[in-house]
Amino acid sequence: MEESKIPDKIGNYLLKTKIGQGSYATVWKAENLYTKKSVAIKIVANSSLDTEESKNRFIREISIIKQMDHPFISKLFEVINTPDHTYLVMEYAENGSILTFINSKGRLPEPQARRYFSQLLSGIEYLHNEKHVAHRDLKAENVLLDRNMNIRLIDFGLSNVFSYDKPELRSSCG
């Protein structure tokens with residue numbers, strides 16, 4: 001993604017620091033100009049959605065995230081569309097990924113590991129039982145830690161909806 005085309009200000013948000021990069025998106029820490037609260041903004045260049053499949057996958061990702069209302073799943077606050085980019089304004093998790101946390105701190109004490117595992121199971125149970133969504137990309141990089149050291153599941157780009165009548169998903173991924 002060509003970063004020179006990304007403005008410093010998006011809607012009511014001022015971009016601060018790039019915190020992540022994926023194959024078709026970058027993620028920035030930003031600040032709400034009015035509340036001064038930090039958010040994460042996932043920036044997707046519309047030109048990177050160059051196939052019908054990639055467009056459909058991105059539309060499905062947004063649709064799935066909009067449905068989520070669970071304490072261990074990152075919240076989507078706003079979607080801003082421009083001719084060049086789509087911006088997903090999301091909850092900011094101050095303590096980064098659980099992968100980075102474990103790599104810097106070492107082995108987790110069992111009570112802490114049990115707590116994270118219980119939170120992860122709670123989020124997955126909600127996805128499966130309440131929303132009929134398979135995440136399909138669960139990995140330590142997609143589990144963030146908020147300011148209170150609670151987990152937040154992110155990145156629903158490979159997710160899909162299933163039904164109990166047809167629980168199989170055909171594409172392999174994740």
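The following legends describe close-up views of a predicted model.

Residues are numbered from 1 along each chain as its sequence is written. In this predicted model, local features need pLDDT of at least 70, side-chain atom pairs count only at pLDDT 80 or more, and totals for chains, interfaces and linings use all residues, while side-chain values use heavy atoms, with hydrogens and water left out.

**View 1. An open sheet of six strands.**
The strands of this sheet follow the order S1-S2-S3-S4-S6-S5, and their pairing is antiparallel. At the edges lie strand S1 (9-10) and strand S5 (76-81), each of which pairs on one side only. Strands, as DSSP runs of E, hold at least two residues, and helices, as runs of H or I, at least four; both are numbered from the N terminus. Two strands are taken to pair if DSSP finds at least two bridges between them. Strand S5 is joined by five bridges to strand S6 (residues 85-91), and the two run antiparallel. Across this pairing, isoleucine 80 stands opposite tyrosine 87 in S6.

**View 2**
Strands S2 and S3 pair in the antiparallel sense over seven bridges and form a hairpin with three residues between them. Here glutamine 21 stands opposite threonine 26 in S3. Strands S3 and S4 likewise pair in the antiparallel sense, over seven bridges. Their hairpin has five residues between the strands, and lysine 36 in the turn has a positive phi of about 65 degrees. Valine 27 stands opposite lysine 42 in S4.

Side chains of opposite charge can pair when their charged atoms come close. A salt bridge is defined here as a side-chain nitrogen of Lys or Arg within 4 Å of a carboxyl oxygen of Asp or Glu. By this rule the count comes to seven salt bridges. In one of them, the side chains of lysine 42 and glutamate 61 meet at 2.7 Å, N to O. Lysine 42 lies in strand S4 (residues 38-45) and glutamate 61 in helix H1 (residues 52-67), so the pair ties together parts that are 19 residues apart in sequence. Residues are called buried under 20% relative accessible area, exposed over 50% and partly exposed in between (1.4 Å probe, protein chains only). Lysine 42 is buried, with a relative accessible area of 12%, and glutamate 61 is also buried, at 2%.

**View 4**
The side chains of glutamate 53 and arginine 57 meet in a salt bridge with an N to O distance of 2.6 Å. The two residues are four residues apart in helix H1 and are therefore separated by about one helical turn. Glutamate 53 is exposed, with a relative accessible area of 54%, whereas arginine 57 is partly exposed, at 30%.

**View 2. Glutamate 91 and its surroundings.**
The side chains of glutamate 91 and arginine 152 meet in a salt bridge (2.9 Å, N to O). The pair links distant parts of the chain, with glutamate 91 in strand S6 and arginine 152 in strand S9 (residues 151-153), 61 residues apart. Salt bridges that share partners join Glu91, Asp146 and Arg152 into one network. Both glutamate 91 and arginine 152 are buried; the relative accessibility of glutamate 91 is 16%. Contact means heavy atoms within 4.5 Å. Not counting residues up to four places away in sequence, glutamate 91 touches Ala40, Ile73, Ser74, Lys75, Phe77 and Arg152.

**View 3. The aromatic pair of tyrosine 24 and phenylalanine 58.**
A search of the whole structure finds one aromatic pair. Tyrosine 24 and phenylalanine 58 form this pair, which is edge-to-face, with 6.2 Å centre to centre and 85 degrees between the planes. Tyrosine 24 lies in the loop between strand S2 (13-21) and strand S3 (25-32) and phenylalanine 58 in helix H1, so the pair ties together parts that are 34 residues apart in sequence. Rings of Phe, Tyr and Trp (its six-membered ring) pair if their centres lie within 6.5 Å; planes under 30 degrees apart count as stacked, over 60 as edge-to-face and the rest as tilted. Tyrosine 24 is partly exposed, with a relative accessible area of 26%, whereas phenylalanine 58 is buried, at 4%.
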